[in-house]
Amino acid sequence: MSIHIAAPSGSIAETILLPGDPLRAKFIAENFFETCQQFNAVRNMFGYTGTWKGNRVSVMGTGMGMPSHSIYVNELLKDYGCKRLVRVGTCGSLQAGVGIRDLVLAQSACSNSSLNRMRFKGMDYAPTANFELLSRAYNAAVAKGAKVHVGPILSSDSFYDDEPDAWKLWARYGVLAVEMESAELYTLAAKYGAQALAVLTVSDSLVTHELTSSEEREKTFGAMMEIALNAIFPSA
Ligand code: HPA
């Protein structure tokens, strides 16, 4: 048991998928796993452990934003010994060449959050994906014929910014997309010697103001899941 996860030790796999939405976690467990058993319902942050092609794997929601994500990931690493954490989520495009429904693999995660400023006493840390997971996810995406981009993203503390053009500074420096969790995931994984990757589909564009429909999100979601699972279990 940890403060926010009411699961006995050993009930969470070393490999865990982390969508933001707990109902997405339920959907993944019920539609992609061969077997599944719920391990958490505290605050409705559903978590399940099952198998994918015979490999033990868990999935759990983390909520939106780094403070929520950080609570769950801290406990998964520290109290449950998770070793491989893959965020599966959505992002907003910051580049004309990154279209809606495309896939973004976050090689690194910039941030406007104060979490790492506090942690590193004002100095800069570079939250970085695990290269093994990243290269396997890239190869799986290419093999699937997905339109995939690899590069830096922005993990932002705000979805609704007071300054609507604030994202353009990051775009000018080559940042591909914005979401709200991965910088903290990568930092915590590094602290605990674990592997982490964020696999994201583009749900909206700050450049063109396009949005994906929920049906489109459903379709691209399936492709993203296949790529994430193939990256995690390459010999499956
Ligand atoms: N901003 C922040 N987070 C997001 C977005 C966005 O436009 N789209 C998906 N996650």
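The dialogue below covers the pockets, the ligand surroundings and the cysteines of a predicted model.

Colleague: What should I know before reading the values?

Modeller: Local features need pLDDT of at least 70 and side-chain atom pairs count only at pLDDT 80 or more, while totals for chains, interfaces and linings use all residues. Residues are numbered from 1 along each chain as its sequence is written, and side-chain values use heavy atoms, with hydrogens and water left out.

Colleague: How is a pocket defined, and what volume has the largest pocket?

Modeller: On a 1 Å grid over the protein atoms alone, a pocket is an open set of points where a 1.4 Å probe fits, with protein on both sides within 12 Å along at least five of seven lines; lining residues have an atom within 4 Å of a point.

Colleague: Which residues lie nearest the centre of the largest pocket?

Modeller: Thr 90, Phe 159, Met 180, Ser 203 and Asp 204, out of 43 lining residues. Strand E5 gives the most, with 6 residues; strands are DSSP runs of E, at least two residues long, numbered from the N terminus.

Colleague: Which residues are around the ligand?

Modeller: A residue is near a molecule if one of its heavy atoms lies within 4 Å of it. The residues around the ligand include Thr 90, Cys 91, Gly 92, Phe 159, Met 180 and Asp 204.

Colleague: How many disulfides does the structure hold?

Modeller: A disulfide is a pair of cysteine sulfur atoms within 2.5 Å. The structure holds 0. For Cys 91, the nearest cysteine sulfur is that of Cys 110, 13 Å away, and that distance is too far for a bond.

Colleague: Is Cys 91 buried or exposed?

Modeller: Buried means under 20% relative accessible area, exposed over 50%, and partly exposed in between, with a 1.4 Å probe and protein chains only. Cys 91, at 2%, is buried, whereas Cys 110, at 24%, is partly exposed. Cys 110 also lines the second largest pocket, as do Ser 111 and Arg 117, among others.

Notes: Helices (H or I, at least four residues) and strands (E, at least two) are DSSP runs, numbered from the N terminus.
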